[in-house]
Amino acid sequence: MFVLGIETSCDETAVAVYHANRGLIAHTLFSQVATHAEYGGVVPELASRDHIRKLVPLLKTVLVDASLQFGDIQGIAYTAGPGLMGSLLVGAATARSLAWTWQIPAIAVHHMEGHLLAPMLEEVPPPFPFVALLISGGHTMLIEVQGIGNYRLLGESLDDAAGEAFDKTAKMLGLDYPGGPRLAELANQGRPRFKFPRPMTDRPGLDFSFSGLKTFALNALHETEQSPQDKADIAFAFQQAVAETLTIKCRRALQLSGLKTLVVAGGVSANREIRWQLSEMADSAKAKVYFPRPDFCTDNGAMIAYAGAQRLMAGQTQNLEIFARPRWPMEQLPQL
Ligand code: KG4
Ligand code: ZN
């Protein structure tokens with residue numbers, strides 16, 4: 001079964017084709033970074049307009065790359081939420097209309113389920129059950145995963161998501177949008193100098209709070225002359241604090257659940273320091289950690305095609321309604 005995946009939840013227009021037995025066939029992506037950079041963040045109206053411009057040409061490109069015709073596609077998976085309403089509607093309306101025209105089933109995919117299943121696209125996929133740490137621009141969650149759609153939320157951020165904290169701190173340090181990867185780059189030049197807190201690690205539980213780190217970074221910045229080295233040192237301290245906080249909570253989640261497999265996904269999982277610290281922790285806990293390849297940490301069409309293909313193959317489909325939900329709790333998803 002060839003499944004087309006469409007992702008338009010935020011500022012990336014992404015399309016992929018996944019085949020049930022043959023795996024990922026083709027994927028392509030257009031990033032709107034240049035459009036939003038001059039505003040310092042995503043402008044929702046510009047994002048939806050750009051998805052309208054880019055989606056159909058990308059669909060054509062991916063079919064050419066996959067050496068497929070329209071008629072070969074047997075199902076369409078699209079991100080239905082969570083995300084920006086206007087952006088989601090472009091993907092949902094296009095996917096639903098194409099499915100109706102081609103008389104094939106369509107399935108609404110939860111964006112975070114897409115992220116969670118992205119490591120399944122790798123050569124050695126993680127075995128169920130596992131603990132998943134999802135760290136993106138909008139979410140930070142620890143989830144116990146027994147199977148697809150069988151999710152128990154163990155903890156989440158009570159304020160800023162990890163990616164959001166990276167982006168806001170980066171902005172404060174004068175870095176351009178998108179801040180996360182830029183802050184990580186700057187941190188490479190940083191030295192251990194400032195000691196930032198590890199929020200909520202001194203009490204039991206698996207929830208997170210990252211908004212205080214941003215304030216801590218701002219106060220540290222005001223105590224310095226704000227030279228490039230000062231900023232690099234702050235970036236270093238901030239990244240260390242996020243990485244160590246995530247690592248402490250993941251170790252705790254493995255202990256509490258008794259599981260030995262950790263899956264880490266979402267845009268922030270591209271961060272090398274975070275990957276390194278989590279890998280070290282997993283080694284010492286005799287656990288195994290799985291990450292998607294860096295391209296599939298951030299938003300992409302492949303993860304949506306994969307997640308949708310699993311649900312379509314299990315017989316799940318969407319009716320003719322154009323379904324988009326800016327907020328959508330993951331625990332409401334049906335089990336496979
Ligand atoms: O998953 P994603 O592409 O989109 C959402 O679903 O939100 O995540 C984007 C987030 C942004 O906040 C971005 O700054 C962050 O992931 N990010 C990073 C890195 N690469 C992307 N944060 C830290 N280090 C990175 N290398
Ligand atoms: Zn995402």
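When I say buried, I mean under 20% relative accessible area, with exposed being over 50% and partly exposed in between, all with a 1.4 Å probe and protein chains only. By that cut-off Ser9 is buried, at 3% relative accessibility.

Okay, some housekeeping. This is a predicted model, so local features need pLDDT of at least 70, side-chain atom pairs count only at pLDDT 80 or more, and totals for chains, interfaces and linings use all residues. Residues are numbered from 1 along each chain as its sequence is written, chains are lettered from A and ligands numbered from 1 in the order in which they are written, and side-chain values use heavy atoms, with hydrogens and water left out.

Let's go to the metal. Which residues coordinate the zinc ion, ligand 2? His111 through NE2, His115 through NE2 and Asp299 through OD, at 2.0 to 2.1 Å. Donors here are N, O and S atoms within 2.8 Å of the metal (3.2 Å for Na, K and Ca), and water is not among the atoms, so sites may look incomplete. Along the chain, the spacing of the donors reads H-x3-H-x183-D.

The UniProt record, an unreviewed entry, has a "binding site" annotation on His111, His115 and Asp299. They're spread over 189 residues of sequence, yet they cluster in space, with a largest C-alpha distance of 8.8 Å. From that set, Asp299 is part of the lining of the second largest pocket. A word on UniProt: positions are in the numbering used here, feature names are shortened, and annotations may be inferred rather than shown by experiment. And on pockets: we take a 1 Å grid over the protein atoms alone; a cavity is a set of points where a 1.4 Å probe fits but cannot get out, a pocket is an open set with protein on both sides within 12 Å along at least five of seven lines, and lining residues have an atom within 4 Å of a point.

Now the histidines. His111 sits in helix 4, residues 111–117. Helices (H or I, at least four residues) and strands (E, at least two) are DSSP runs, numbered from the N terminus. Because His111 and His115 are 4 residues apart in helix 4, about one helical turn separates them. Both His111 and His115 are buried, with His111 at a relative accessible area of 6%.

What does His111 touch beyond its neighbours within four places in sequence? Glu7, Ser9, Thr79, Gly81, Pro82, Asp299, Met303 and Ile304, where contact means heavy atoms within 4.5 Å. Some of that is polar. The side chains of His111 and Glu7 are joined by a polar contact of 2.9 Å, and the Asp299 side chain makes one with the His111 side chain at 3.0 Å. Ser9 joins in too, side chain to side chain with His111, at 3.4 Å. For the record, a polar contact is a pair of N or O atoms within 3.5 Å; within protein, one must be able to donate a hydrogen and the other to accept it, and residues adjacent in sequence count only if both atoms are side-chain atoms.

Over to Asp299. It's in the loop between strand 10 (288–290) and helix 10 (302–313), and at 13% relative accessibility Asp299 counts as buried. Ser9, for its part, lies in the loop between strand 1 (2–7) and strand 2 (12–19), and among its contacts are Thr79, Pro82, His111 and Asp299.

There's another "binding site" feature in the unreviewed UniProt entry: Leu134, Ile135, Ser136, Gly137, Gly138, Asp167, Gly180 and Asn271. Take two of these. Leu134 is in strand 6, residues 130–135, and is buried at 0% relative accessibility. One of its contacts is the zinc ligand His115. Gly180 is in helix 6, residues 179–187, buried at 12%, and it touches Phe166 and Asp167, leaving out residues up to four places away in sequence.

How many disulfides, if we require a pair of cysteine sulfur atoms within 2.5 Å? The count is 0. For Cys250, the nearest cysteine sulfur is that of Cys297, 14 Å away, so that's too far for a bond. Cys250 is buried, at 0% relative accessible area, and Cys297 is also buried at 0%.

Notes:
A disulfide is a pair of cysteine sulfur atoms within 2.5 Å.
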